[in-house]
Amino acid sequence: MNQAGFPLLSLMTFLPLVGVVLLATLRGEDAAVARNARWAALWTSLAVLALGIYLWIDFNPAIAGYQFTEDFAWLPSVNIDYRMGVDGISLFLILLTAFLTPIAIIASWSITKRVRDFMMAFLLLETMTIGMFAATDFVLFYIFFEAVLLPMYLIIGVWGGERRIFAAVKFFIFTLAGSLFMLLALVWMWHNAGTTDMVALLHTPIPPDVQTWLFIAFLASFGVKAAVWPLHTWLPDAYGEAPLPGTIMLAAVLSKMGAYGFLRFAVPMLPQAAQAAAPLMFTLGVVAVIYVSLVALAQTDMKRLIAYSSVAHMGVIIIGIFTFTVEGIEGALFQMLSHGIVIAGLFICAGVLLARGESLALTKLGGLAVRMPAYAALLMLFALGSMGLPGTSGFVGEILVIVGALKVNFWVSLLGGAGMILGAAYMLVMLRAVLFDKFTHPSLASLVDLKPAEYAMLLPLAALVLWLGIYPVSFTHVFDAPVAAMVQAHLAALTPHTALAMVTK
Amino acid sequence: MILLQAILPALVLGLGGMALLTIAVLIKRDTSAPVTYAVLLLFVVAAILTCYQPDGFIFGGLLKISGFSRFADLLVYLGAAAALLLSLDYNRQQKIARFEFPILVAFSVLGMIVMISAADLMTLYVGFELQSLALYICAATDRDNLRSTEAGLKYFVLGALASGLLIYGISLVYGFSGTTNFASLAGLLSAGAGYGTIVGIVFVLVGLAFKISAAPFHMWTPDVYEGAPTPVTALFGTAPKVAAMALLLSVMMGPFGHLLAQWQLLVQILAAVSMTLGALAAIGQKNIKRLMAYSSIGHMGYALMGLAAGTEAGVQATLLYLAIYLVMSFGTFACIIAMRRQGQAVETIADLAGLSTQSPAYALALAVLMWSMAGIPPLSGFFGKLYVFNAAVTAGLLPLAVIGVLTSVVGAFYYLRIIKVMYFDAGTPNFDKAAPSVRFVMLIGAAATALFALLPGPLAAAAQAAARALVG
C-alpha cells in the first residue's frame, strides 16, 4: 500500500462527498436544517484539514517522486487506472485547499438562501479540487479538473450578485472550451504512450513538432484557468459576481489549478515546446503584471481591485514557472501558496464590510481605521503581503521569481519586478480609500470592529502570512527535491547528447 | 436445436405479440395497462433468451447472431422497455391509452432485432420496414391531435422516401455484384468495387442516415419529436436509433468494410454536419422536445465519429456511446414527461423555472442528465466522448475531433441554459406529482448516468467484445 497504511488521499478526496450525502439526508424545519448543514459542512472540512495535517507530518520531503500512492484498476482494457499520489509540488496545494475550505465555510455563515444546497456544492467543490491535485492519472486529473465547473457554476449562478447568470455562463463556457482542447491533447498523449499514468507519460518522448500543438492545447486550458492575460476576461466577472466564499475559492485555489497544470504537464512533458514558448509566456506574464496592475489601479470597487491584483500575481507565477530554474519554479510554487492565503484574507476583509451593509465602492468608504483598528491592522497586513513587503509571504515568492528570471533574462526580471512597485501603488490606494480618508458618510463612524467569527477566519490567515514570510524553509524544503528533479529532467531533455544517451540506455 | 435457440427471442416477440393482439381484441374492456405489462414481460423474457443465444448463422446465412447483435439487442430492449414504462401513465392521462400501442412497439422491436442481426441485404430491408411501419403508426397514435397526425404523416412520407433510397441502393449493389449476402459481398468487394456498387452503397448509407437522423437527412426529426406523444418520442430517441446505428455499423464494417477508403469521407461529413447542426440549431429552441431532437442529431454525429474511424476501437466507441446515450435519453424523457401542470403536459423550457426550489431531486436529476449530455465529467456522457475522440484521434481524424470539441462547447451552452432556468431563474412550476413508473425511469436514468464513473469497466469491456465480434 503506502506509508499511511490506508488510502489517505482518497479519504481526503471523498470525505467531503460523504458530507454531501449526509447533508442531503437532513430533515426538519428550514432553520434547523440550515444550522445543521452549516455545522456539518464545517466539521467535515475540519476533518479533511486534520487528515491533511497528518499527511504533512507523514510526508517524506527527501523523495522527489509520488508518495502515498494508490492504484486501482478502473478501465484496464485501455490502461486507465485510478491513480493517486502526492509529491512536494502538490502537497501544499492540497493543504491549501483543505485549509481554506473551512475558512470559506465560516465566511458563508451569513448566507441564508438555500443554505443546505450551498454547503453541498461547497463540499463537492472541495472533493473535486483535492482530487485534482492528488490525481496521478491524466484521465482522472481531467475528470476532477473539469468537474470543478459543476459546483462552481451553481455557486456563482444561484448565490451570486446581480449579473450572476452572465458571469456563471461565461465562466463555464470559457473554461470548458479550454479544457476540451486539453482533452484532445490528452487523447493524443494517451495514444502515444499507451497509458494515462502521469509517471509513464513523463518518460514517453514526444516529437517536437507535435509538442507545439499539444502545448497550444494546454495553454488554452490552463491559461484560461490561471487567467493568463489575455484569457482572463471571465475572471473579473466571475470574481465580482460570485458570492464571497466562492470568490475566495476561485481566487485562492482554483486559479492555482492552471499554474499547477503548467507545472505538471506543459513543462515536464513538453520540454522543447515549453522552452520555445518561454518568450511568449514571459511576454504574457509581464503584460499581466504591468497592464493588469494599471487596470487594478483604475478600479473603483474594492472586490474588483482585489480580483485584478490576483491576475497580476498570476503573471508573476507564470514567469517563475517558465524560467526553468530551481529558484524560479520554487518561487512560483511559493507565490502560489502565498497568493492563495493573501487573496483569501483580502476577500474576507472585503466581506467584513459587506456583512456590515456597506458598499464596496472605494468612494463610499474611508476612515475605518478610526473605528475598526483590528480590522485595519489585518487588512494592512494582507495588503502588505500582497505587495511583497519583506517579512510577509509575498516577498519570498517574488524575490525567488525575480532571481530565477534574472538568470534567464534581465528585462523579464526588471519588468516583472516592476509589478511589485505597481502592486504597492494600487494596494496603497485601496488602503487609503478604505482606512484613512475622511468618513464619506456618517454611518461609517458607527461600524463595530471584528467579531469572533471574523477573527477565527482572519487570524489563521495572518499567522500563515507571517510564517511563510519569516520562516519560509518549512515550506521550501518540501519543494526542493521534486523541483530539482524537474529542472534536471528539463535540461537533460534539451541537451541532445544526454537525450541520445537516454534513448540508447 | 441451435436454430431454435438462436431465433427464440424473435419468436417470443412475434408469437407473443400476435397472441396478445388476439386476446386483447376479444376482450371488450380497456386492456392497455395489462397488455403493456405483458409486452414488458415479453421484453424481459426475450432479453434473457438473448443472453443464451448461440453464435452463428441461421436460415442459410440470412441472419447472423454474434456478440455484436446481442449487445445491440439488449440495448434495444432496454430502450423500448423504458419508453413503454413511460407510456403507462402518460397515455392514460392524455386519454390515448390503447392496447395496440404496446403491441406495435413489440413488433417494431422485432423488426429492430431482425435488422441488427441481418446478414443479407434482404433481411436487412425486411427488418427495417417492419420497424418503420410500426413506428409510423406509433407517431400518429394520438389520432385526434393535429400535431400527432401531422408527425405521423410526415414521418411516413419521408420514411418512405428513405426506404425507397435504401431499396434502390440495395438493388444497385445486387445488380453490380450479383449477391445480397453480406459474406459473399465482403469477399467480392475485397478486390475493389465499380462505380455502380459505390453509388449503391451511397444510397444505402443515405437511407440509413435518414433513420438515425444524421444531418443533412434530419429534417423530419424536430417536427416528429415535437408532434408525437412524448413516450413515443422517448421511443424514437432510444431503441430505433440504436438499431439503425447498429445496422449501419454492421453494413459498413461488414460487406462494405473493404471499401473504407471510399465511404470514410462521407461518414466524416455526416458526422461533422450532424454535430454542427445539432449544436447550432438547438440554441434558439424554446420547446424542450424540439431541443432534444436537435440534441439527438448532434449525439448521432458523435456516435458516427466512431464509425468514421473504421476501426475496432471506433466500433467499440460508437457502441459505448449509444449505450450511454440511450440511458441519458430515456432519463431525460422521463423528466420531460413529468412536466405536467394540473393534468396538462407542458413542454417549454421556461416552464422549468424555479424547479430546483420546488422539487430539488427532480431538478438535480435533469441537471445531471443535461451535464452528462454536454459531456462534463465525471458523468457518463464524458466517457462516451472520451472513447469516440480517442477512436478518431487514433485513426488520424484530427480535424473531425476538433470539430467535435468545438461543437461540444456550443452544445454545452444550451444544456447549461436548461440548468440555468431550473436553478437560477425564479418561478413556481407547480408540477403535478409524477407517477411512480415515471419517477422510476427518471431515477434509473439519472443514477446510472451519475454513478457510471464508479464502474465503467464492464460496459466498456462488453462493447469491446461486441466490436471484436463484428470487426475481428
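Predicted model: local features only at pLDDT ≥ 70, side-chain atom pairs only at ≥ 80, totals over all residues.

Reader: Why is Phe68(A) called buried?

Author: A residue counts as buried if 20 or more other C-beta atoms lie within 10 Å of its own. Phe68(A) has 24 other C-beta atoms within 10 Å, so Phe68(A) is buried. Phe68(A) belongs to strand E1 of chain A.

Reader: Why is Phe59(B) called partly exposed?

Author: The label partly exposed falls between the two cut-offs, 20 or more for buried and 12 or fewer for exposed. Phe59(B) has 13 other C-beta atoms within 10 Å, and is therefore partly exposed. Phe59(B) sits in the loop between strand E1 (56–58) and strand E2 (63–65) of chain B.

Reader: What makes the phi of Phe68(A) and the phi of Phe59(B) worth a remark?

Author: Most residues other than glycine have a negative phi. Phe68(A) is not a glycine, yet its phi is positive, about 50°. For Phe59(B), also a residue other than glycine, phi is positive and near 55°.

Reader: Which peptide bonds in chain B are called cis, and what is omega there?

Author: One cis peptide bond joins Ala215(B) and Pro216(B), with omega about 5°. Another joins Pro377(B) and Pro378(B), with omega about 0°. As background, most peptide bonds are trans.

Reader: Where are Pro216(B) and Pro378(B) found?

Author: Pro216(B) is in the loop between helix H8 (195–211) and helix H9 (220–227) of chain B. Pro378(B) is in the loop between helix H16 (360–374) and helix H17 (380–394) of chain B.

Reader: How do you know that chain B is as compact as a globular protein of its length?

Author: Chain B has 20 helices and four strands. The globule rule gives 23 Å for 472 residues, and the radius of gyration of chain B is 21 Å, close to that value, so chain B is as compact as a globular protein of that length. The C-alpha trace of chain B spans about 65 × 55 × 40 Å along its principal axes.

Reader: What share of chain B is buried, and what share of its contacts joins residues at least 24 apart?

Author: Buried residues are 62% of the 472 residues in chain B. Taking contacts in chain B between residues at least 6 apart in sequence, 81% join residues at least 24 apart.

Reader: How many residues does each chain bring to the contact, and what makes up the side of chain A?

Author: Chain A brings 27 residues and chain B brings 24 residues. On chain A, strand E1 (67–75), helix H5 (138–147), helix H6 (149–159) and helix H7 (164–193) each supply at least two residues of the side that touches chain B. H7(A) gives the most, with 14 residues. By class, the residues of this side are 23 nonpolar, three polar and one charged.

Reader: Which domains does chain A have, and how do you know that they touch?

Author: The domain assignment of chain A gives domain 1 (1–179 + 227–256) and domain 2 (278–475). Their centres, taken over C-alpha atoms, are separated by 23 Å. The test for contact is C-beta atoms within 7 Å. In chain A, 26 residues of domain 1 are in contact with 30 residues of domain 2. Helix H3 (88–107), helix H10 (234–241) and helix H11 (244–269) of chain A each supply at least two residues of the side of domain 1 that touches domain 2. That side of domain 1 of chain A divides into 20 nonpolar, five polar and one charged.

How values were computed. Residues numbered from 1 in each chain as written. Chains lettered and ligands numbered in written order. Contact = placed C-beta atoms within 7 Å. Nonpolar A, V, L, I, M, F, W, Y, C, P; charged D, E, K, R; others polar. Rg over C-alpha atoms; globule rule 2.2 N^0.38 Å. Domains from an automatic or database assignment.
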